[in-house]
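Work through the exercises below with the sequence and the structure open. Try each task before reading its solution.

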Amino acid sequence: MNNTKQTSKLAKLTINLYMIMGVIALVDKGRATDVIYPDLGKAFNAVPHDILVSKLETHGFDGWTTRWIRNWLDGRTQRAAVNGLIKMDSGTECTLSKFANDTKLWGTADMLEGRDAIQRDLDRLERWAHANLMKFNKDKCKVLHMGWGNPKHKYSLGGEWIESSPMEKGLGVLADEKLT
């Protein structure tokens, strides 16, 4: 196996462990936790090139480099994004993990304040997607309710309810509501 595939597998494992350990820590403390799996439809093909180049300029890329990138992208379909350049987590209250096109948002759900924070973050993500001319594939967005006494709150994204699921797969790892 080449180094790129090994690095990618290690990154996926690390991100999954981060999310799973964070959720387990909350559940072990007796906290009901909701994990939202938002799905950006065709995320890598959807970012307009002018927005991408603008983000590069904002992050300090010089004029020559951004002109070269703009010329290279002219007439091409975008297939990848540089991690962190398209920042979607600015101002989030809950935990947001991102890797390539896999995103998870989670927080405590046993109290109204926690559920409201999750909903505010979902609204923030929807505004971010709209501002960046992207859309969530709302049929694929799911919520996984974990922990004892979870009220199984209903969340919305862009005015549509997110369907609850007893099990979800993220980065190749299945997670279920019982953490088994």
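Predicted model: local features only at pLDDT ≥ 70, side-chain atom pairs only at ≥ 80, totals over all residues.

Residues are numbered from 1 along each chain as its sequence is written, and side-chain values use heavy atoms, with hydrogens and water left out.

**Exercise 1. The whole chain**

Task: State how many helices and strands the chain has, and in which pattern they follow each other.

Solution. Step two is to read along the sequence, which gives α-β-α-α-α-β-β-α-β-β-β-β-β-β. Step three turns to burial, where buried means under 20% relative accessible area, exposed over 50%, and partly exposed in between (1.4 Å probe, protein chains only). Of the 180 residues, 38% are buried. Step four looks at contacts, meaning heavy atoms within 4.5 Å. Among contacts between residues at least 6 apart in sequence, 69% join residues at least 24 apart.

**Exercise 2. Two helices**

Task: Describe how α3 and α4 are placed relative to each other.

Solution. Two packed helices are described by the angle between their axes and the distance between the axes. Axes are lines fitted to C-alpha atoms, for helices over the stretch in contact, and angles run from 0 to 180 degrees between N-to-C directions. The axes of α3 (residues 49–58) and α4 (residues 63–73) come within 10 Å and cross at roughly 165 degrees. Angles under 35 degrees count as roughly parallel, over 145 as roughly antiparallel, 65 to 115 as roughly perpendicular and the rest as oblique. The two helices are therefore roughly antiparallel.

Next, list the residues that meet: His 49, Asp 50, Leu 52, Val 53, Leu 56 and Glu 57 come from α3, and Thr 66, Ile 69, Arg 70 and Leu 73 from α4.

**Exercise 3. Buried sides**

Task: Which residues of α4 are buried, and which exposed residues are on the face turned away from them?

Solution. The buried residues of α4 are Thr 66, Ile 69 and Leu 73. They lie on the same side of α4, because they cover an arc of only 60 degrees around the axis (the arc is that of the directions from the helix axis to the C-beta atoms). The face turned away from this buried side carries Trp 64, Arg 67 and Asn 71, which are exposed. What covers the buried residues of α4 includes α3. In α3, the buried residues are Ile 51, Leu 52, Val 53 and Leu 56, and they pack against α4 and α5 (112–131).

**Exercise 4. Single residues**

Task: Is Leu 96 buried or exposed?

Solution. Leu 96 lies in strand β2 (residues 95–99). Its relative accessible area is 13%, so Leu 96 is buried. The C-alpha atoms of Leu 96 and Met 19 are separated by 9.0 Å, with the two residues 77 apart along the chain.

Task: Where is Arg 120, and what does Arg 120 contact?

Solution. Arg 120 is in helix α5. With a relative accessible area of 37%, Arg 120 is partly exposed. Leaving aside neighbours within four places in sequence, Arg 120 is in contact with Glu 93 and Glu 113.

Technical notes:
Helix = DSSP H or I, 4+ residues; strand = E, 2+ residues; numbered from the N terminus.
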